[in-house]
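Please read this briefing with the sequence and the structure side by side, and look up each residue as its name comes up.

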Amino acid sequence: MPYISYDKKEISFKIVYYGPGMSGKTTNLMQIHRSLAENLRGEMVSLDTEEERTLFFDFFPLDLGRISGYAVKFNLYTIPGQVYYEASRKLMLEGADGVVFVADSNPHRFDRNVSAYEMMIDNLASYSVDPRAFPIVLQYNKRDCQGAIEKGSLEQAISMDVPSINAVATEGKGVMETIRTISKMIIEGFEI
Amino acid sequence: MALSGTLSDLGIVDLVQFPGTGKKTGELVIAGLDDEARLFYDQGGLKHVVCGDHSGLDALVELVSWEEGEFEFRLGSTCDEASMEIDLHRALMLALKTRDERREEARKQAEEAQKIAMNHHPPAAPPVAERVTQPPPAMEDLQMTEILSAAVAHFPYIEYAAIFHKNGSKICIWTPETVDEQVYNRIISGVANVFGTHPRKELQKVYLTDNLGTCLGSAVGENYLLFLAAGDDSSLGVISIAAAKICTAISGASE
């Protein structure tokens, strides 16, 4: 859910990077953080608990301007690596305005992508979010791996049609296109 | 289960948003200084708002100005009525905007009313001590022209002199011969602009020099500016001394 700060004249939206372990969620966040001008982004914050680590930072997208005089701000979250605790996965999605699902194009990890995606849908549903009317962008990451899975194969396996983008996050390819796509979907959804 | 607190702990804008974040269903009751407001949420969506005699967005507009009061959130409480058709956050932004517009309108009306009242009852003249630094606006233009002419007569190199208000409106001009008024008007409005936009608001002097001569703008009290133009044969120091003496003459004459 967006959050309005009247004092700061800001409206913030939460974007969560979700996906199976080692799919490149943290790399995506790092690349976005690196490519933003310093005056437009906050510090990369790492929240450590005994069980898990959450990465977070916020930024002002220049190209999306303002909504009714309020500066648009995005808060980006991810839990790096494999998330062992169901509760953490679920909690991260609370109040999210959009999700980027980072899939691993390695054919050996196909099933992990599918089960992580299904879990995400279940978790969203537990917050009364209709996943078919919710901004989700599917990123096919690691397109440079051998025998990369076919684009479209995941959507078929999960029976959902969502916008998808090819990426090689380690090289920065497709990273900004992904964040731009999800941001626009969120703003368009809010302004309807 | 109920969650309660006061508006000094949690501001109204944050409070109204919090059931939305957790997708809560329930009733938020806020007891303000004069009225009571009730907001009903269904899975985080704002469905119905009542505040005194108002309902819907109108009620929200009333509510967003509240700074004092106590609240309680009653989880699970529902209501059959529905007065809100737009999303909670857009409704909140709209309510804040409407509130701000109404405040601005009220402020303008109050200003207008004050202006009208001032015209009917002009304020008493300020004490003498105050008038030294702030010449009264009622100063006669004719009298000012005389003072300016007498002061400028000591400085033959001055080609043009004017006293104007800091808002750019001219009060009087002195010039020994026909000059291109328009050129000076443009410079004067530029100088007034510099004084008006200077971030520290206490600018004393502005010098403009080119190969034809020097122009100077100097603050006289809090409201007026002296503008002088001299040919290229006069130095910055000379024109600065002239400005200081003319300023003293103007301030002294208004005592």
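Two strands are said to pair if DSSP finds at least two bridges between them, where helices (H or I, at least four residues) and strands (E, at least two) are DSSP runs that are numbered from the N terminus. The model is a predicted one, in which local features need pLDDT of at least 70 and side-chain atom pairs count only at pLDDT 80 or more, while totals for chains, interfaces and linings use all residues. Residues are numbered from 1 along each chain as its sequence is written, and chains are lettered from A, with ligands numbered from 1, in the order in which they are written.

- Within chain B, strand E7 (residues 158-165) and strand E11 (residues 224-231) pair in the antiparallel sense over seven bridges, and Phe164(B) stands opposite Leu225(B) in E11(B).

**Strand E2 of chain B**

- In a regular strand the side chains alternate between the two faces of the sheet.
- Strand E2 (residues 26-31) of chain B has a covered face made of Gly26(B), Leu28(B) and Ile30(B), and an uncovered face made of Glu27(B), Val29(B) and Ala31(B).
- E2(B) pairs with E3(B) in the antiparallel sense over six bridges, and a hairpin of four residues joins the two strands.
- Six bridges also join E2(B) to strand E6 (residues 70-75) of chain B, again in an antiparallel arrangement.
- Leu28(B) has Leu39(B) as its bridge partner in E3(B) and Phe73(B) as its bridge partner in E6(B).

**Nonpolar cores**

- A nonpolar core is a set of buried Ala, Val, Leu, Ile, Met, Phe, Trp, Tyr and Cys residues joined through C-beta atoms within 7 Å.
- The largest such core has 70 residues, and those with the most contacts inside it are Val16(A), Val99(A), Val100(A), Phe101(A), Leu39(B), Val49(B) and Leu63(B).
- Strand E2 (residues 10-18) of chain A gives the most to this core, namely six residues.
- Leu63(B) touches Ile12(B), Ala37(B) and Cys51(B), if residues up to four places away in sequence are not counted, and two residues are in contact if their C-beta atoms, placed from the backbone, lie within 7 Å.

**Positive phi angles**

- Most residues other than glycine have a negative phi, and most peptide bonds are trans.
- Lys9(A), although not a glycine, has a positive phi of about 55 degrees, and this residue is found in the loop between strand E1 (3-5) and E2 of chain A.
- Gln43(B), also a residue other than glycine, has a positive phi near 45 degrees and lies in the loop between strand E3 (36-42) and strand E4 (45-51) of chain B.
- With 13 other C-beta atoms within 10 Å, Lys9(A) is partly exposed, and Gln43(B), with 14 C-beta neighbours inside 10 Å, counts as partly exposed too.

Note on methods
Buried ≥ 20, exposed ≤ 12 C-beta atoms within 10 Å, placed from the backbone.
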